[in-house]
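Here is a short note to read alongside the structure, with points to follow one after another.

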Amino acid sequence: MNTVAKCPCPSGKPYQDCCQPGHQGAPAINAEALMRSRYSAFNTGNVEYLIDTLLPEKRQQDDKLQIQSTIDNTQWLGLKIISGSNRQENKVEFIAFFQEEQSDIGQLHER
């Protein structure tokens, strides 16, 4: 990915100043930054980062295949932050909009 292009997360910042440091191993400063970096990882096909940022108790043997299938068959259309996190609370609520092959637009809403 072009590092000076806008980040997919959509912070409006260049990728190199936004999610790329996390993708290269820098820790996320809060839950919102982590969620944005995971959204960007789906957009950029960064399977290893997505696995590395799963909670250990949520990891499964076939994660790599499932994540790669999601990347191959899903177009991520946008991200809306409902409520951001601060360092004390460390929570975020968001909606990620997507479309899988031959299907309607869906949304993933999590807190």
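Which backbone oxygen lies 3.2 Å from a polar atom of the side chain of Arg36?

1. In this predicted model, the backbone oxygen is that of Cys9, and the distance from it to a polar atom of the Arg36 side chain is 3.2 Å. Arg36 itself is found in helix α2, which spans residues 31–44.

2. Arg36 has a relative accessibility of 16%, and because buried means under 20%, Arg36 counts as buried. If its neighbours within four places in sequence are left aside, Arg36 is in contact with Cys9, Pro10, Ser11, Cys19, Leu79 and Ile81.

3. The structure holds three aromatic pairs. One of them is formed by Tyr39 and Trp76, which are arranged edge-to-face, with 6.0 Å from centre to centre and 75 degrees between the planes. This pair links distant parts of the chain, since Tyr39 is in helix α2 and Trp76 is in strand β1 (residues 74–83), 37 residues apart. Both Tyr39 and Trp76 are buried.

4. The rings of Trp76 and Phe98 also pair, with their centres 5.5 Å apart and their planes at 50 degrees, so this pair is tilted. Trp76 lies in strand β1 and Phe98 in strand β2 (residues 93–100), so the pair ties together parts that are 22 residues apart in sequence. Trp76 is buried, with a relative accessible area of 16%, and Phe98 is buried too, with a relative accessible area of 18%.

5. To take the rings together, Tyr39, Phe42, Trp76 and Phe98 form one aromatic cluster.

Technical notes. Residues numbered from 1 in each chain as written. Predicted model: local features only at pLDDT ≥ 70, side-chain atom pairs only at ≥ 80, totals over all residues. Heavy atoms only, no water. Helix = DSSP H or I, 4+ residues; strand = E, 2+ residues; numbered from the N terminus. Buried < 20%, exposed > 50% of the residue type's maximum accessible area, 1.4 Å probe, protein only. Polar contact = N/O pair within 3.5 Å; in protein donor to acceptor, adjacent residues only side chain to side chain. Contact = heavy atoms within 4.5 Å. Phe/Tyr/Trp six-rings, centres within 6.5 Å; stacked < 30°, edge-to-face > 60°.
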